[in-house]
Amino acid sequence: MLDTGLFYIVEQMSREVLGNFELMVLLAVMRVGEDAYGVPIAEELEDKSGRDVLLGSVYAALDRLDAKGLVASSMGESTPERGGRAKRYFKVTARGLREVRDTQRTLVKLWRGLPELQGGTA
C-alpha cells in the first residue's frame, strides 16, 4: 500500500518547482527592467530563443509566477493608443530572485561533468 503522504509531497514539490518557461519569463522580466509588461517580455523571449512566443502563454506564466510570489505587478497609467487601457507592469520579487539563483546553481551542478555536453555537436 502506498503512503498518501508521499503523493502530497510530490504534488507540493511540483507546484513549487520552477518550470522551464517560467524561468525564461522571470529572466526576460529581469532583462526588460522597469518597462516589463507582456509585449516586451514576449519580444525578449523571442529575441533570445529564436522562437515564436504566444502572448497568452507569457501572461499565463506571469499569473503563475505572481501566485507563487516570484513576481509582483502594478498598473500603469491608461494610454490612448491602448484604447484607454492601462498596462500591467511586472518586476521580480526578492523571492523570485532567490529562486532564479537557486535554479541556476542547481542546473550548473547538473550540467557539470556530463560528457554528452562537453563540446559535442549533437
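Glu44 is found in helix H3, which runs over residues 38-49, where helices (H or I, at least four residues) and strands (E, at least two) are DSSP runs numbered from the N terminus. This is a predicted model, in which local features need pLDDT of at least 70 and side-chain atom pairs count only at pLDDT 80 or more, while totals for chains, interfaces and linings use all residues. Residues are numbered from 1 along each chain as its sequence is written, and side-chain values use heavy atoms, with hydrogens and water left out.

With a relative accessible area of 16%, Glu44 is buried; buried means under 20% relative accessible area, exposed over 50%, and partly exposed in between, for a 1.4 Å probe and protein chains only. Leaving aside neighbours within four places in sequence, Glu44 is in contact with Ala28, Arg31 and Val32, contact being heavy atoms within 4.5 Å.

Arg85, by contrast, counts as exposed, at 53% relative accessibility, and lies in the loop between strand E1 (71-78) and strand E2. When residues up to four places away in sequence are not counted, Arg85 touches Glu77, Ser78 and Thr79. Arg85 and Met75 are ten residues apart in sequence, and their C-alpha atoms are 9.8 Å apart in space.

Within H5, Gly96, Val100 and Thr103 are buried. They cover an arc of only 65° around the axis, which puts them on the same side of H5, the arc being that of the directions from the helix axis to the C-beta atoms. An α-helix has 3.6 residues a turn, so residues three or four places apart point the same way. The cover over the buried residues of H5 includes helix H2 (20-32) and strand E2 (86-92), whereas the face turned away from the buried side of H5 carries the exposed residues Ala94 and Lys109.

Val108 also has its place in helix H5 and is partly exposed, with a relative accessible area of 31%. Together with Leu107, Leu110, Trp111, Leu114 and Leu117, Val108 forms a nonpolar patch on the surface, with about 530 Å² of accessible area in total. Just after H5, Gly113 takes a positive phi of about 85°.

How values were computed: Patch = residues over 30% accessible without salt bridge, like charges linked within 9 Å, V, L, I, M, F, W, Y side chains within 5 Å. Areas by Shrake-Rupley, 256 points an atom, 1.4 Å probe, with all protein chains shown as cover. Salt bridge = Lys/Arg side-chain N within 4 Å of Asp/Glu carboxyl O.
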